[in-house]
Amino acid sequence: MFKAFYAAIYDRISSGSERAGISEERRALLAQAAGATIEIGAGTGVNLSHFPPAVTRLCLVEPDPNMRKRLHRRADGQDDVEIVNARAEALPFPDGSFDTAVVTFTLCSVTDLDGALAEIARVLRPGGRLLFLEHVRDTDPKIARKQDHPVFLYSWMGCHPNRDTLAAISRAPFEVTTVRHGEVPKAARVERPMILGTAARCA
Ligand SMILES: C[S@@+](CC[C@H](N)C(=O)[O-])C[C@H]1O[C@@H](n2cnc3c(N)ncnc32)[C@H](O)[C@@H]1O
């Protein structure tokens, strides 16, 4: 019930941050996607319009049926887009299927962060790239404590704002190649610290 409501209002509640800069960050990040590309936790399809022509196959993975309904609607008319019902922790693809993987504001939501990253690495070919844009744990311990105990709304949304996602990417078979630390504009304090960058799948 709440998940259906969340999916219905998702674009509206994130529109302030999108207009204040996140949409532009998405565009610049996704301009680096090329070849067979998988996006994990594609949500309502906010990234769809940002994938460049260099992407030869586009596979959007989304486990929530309410989100997926909107994703189908947004992708309508793009026959070459594959929409797959799966979780990051168990991707239904053979090893090395993709050249690029994309996660934007997804790794805060997966159940098993290390398991999801291992699985994303598995479906990427060696040297393939992970493009990431995520909100993360604050370096200020006072804010991090608040992120450890956010208001109930976050557990309803399935969001864990206290994750050190960059450390998790580095623990996985990835080499972080670029990273920028910033802030999600117009976001609640606990979900403001942001990382944006690329990592290469280790051989
Ligand atoms: C905050 S939304 C972000 C949506 C989109 N990536 C964006 O940038 O707007 C998080 C998304 O991750 C999805 N999600 C949650 N758990 C997941 C999992 N285990 N594997 C893959 N996606 C998951 C949710 O259904 C939701 O669509």
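**Salt bridges and a helix contact in a predicted model**

Modeller: In this predicted model, Arg-137 and Asp-148 form a salt bridge, with their closest N and O atoms 2.8 Å apart.

Biologist: Why is the pair of Arg-137 and Asp-148 called a salt bridge?

Modeller: The term requires a side-chain nitrogen of Lys or Arg within 4 Å of a carboxyl oxygen of Asp or Glu. The closest N and O atoms of Arg-137 and Asp-148 are 2.8 Å apart, so the pair qualifies. Arg-137 belongs to the loop between strand E5 (124-135) and helix H4 (141-148), and Asp-148 to helix H4, so the bridge ties together parts that are 11 residues apart in sequence.

Biologist: What makes Arg-137 and Asp-148 partly exposed?

Modeller: Buried means under 20% relative accessible area and exposed means over 50%. Arg-137 has a relative accessible area of 30%, and Asp-148 also has 30%. These values lie between the two cut-offs, so both residues are called partly exposed.

Biologist: Why is Arg-171 called exposed, while Asp-114 is called partly exposed?

Modeller: Arg-171 has a relative accessible area of 55%, which is over 50%, so Arg-171 is exposed. Asp-114, at 38%, falls between 20% and 50% and is therefore partly exposed.

Biologist: What is the angle at which helices H1 and H2 pack?

Modeller: Helix H1 (residues 2-30) and helix H2 (residues 65-75) pack at about 35°, and their axes are 8 Å apart. The residues of H1 in the contact include Tyr-6, Tyr-10 and Asp-11, and those of H2 include Met-67 and Arg-74. By class, the contact residues divide into 6 nonpolar, 1 polar and 4 charged.

Biologist: What makes Arg-74 and Asp-11 a salt bridge?

Modeller: Their side chains meet at 3.2 Å, N to O, which is within 4 Å, so the pair counts as a salt bridge. Arg-74 is in helix H2 and Asp-11 in helix H1, so the pair ties together parts that are 63 residues apart in sequence.

Conventions
Residues numbered from 1 in each chain as written. Predicted model: local features only at pLDDT ≥ 70, side-chain atom pairs only at ≥ 80, totals over all residues. Heavy atoms only, no water. Axes fitted to C-alpha atoms, helices over the stretch in contact; angles between N-to-C directions. Helix = DSSP H or I, 4+ residues; strand = E, 2+ residues; numbered from the N terminus. Contact = heavy atoms within 4.5 Å. Nonpolar A, V, L, I, M, F, W, Y, C, P; charged D, E, K, R; others polar. Buried < 20%, exposed > 50% of the residue type's maximum accessible area, 1.4 Å probe, protein only.
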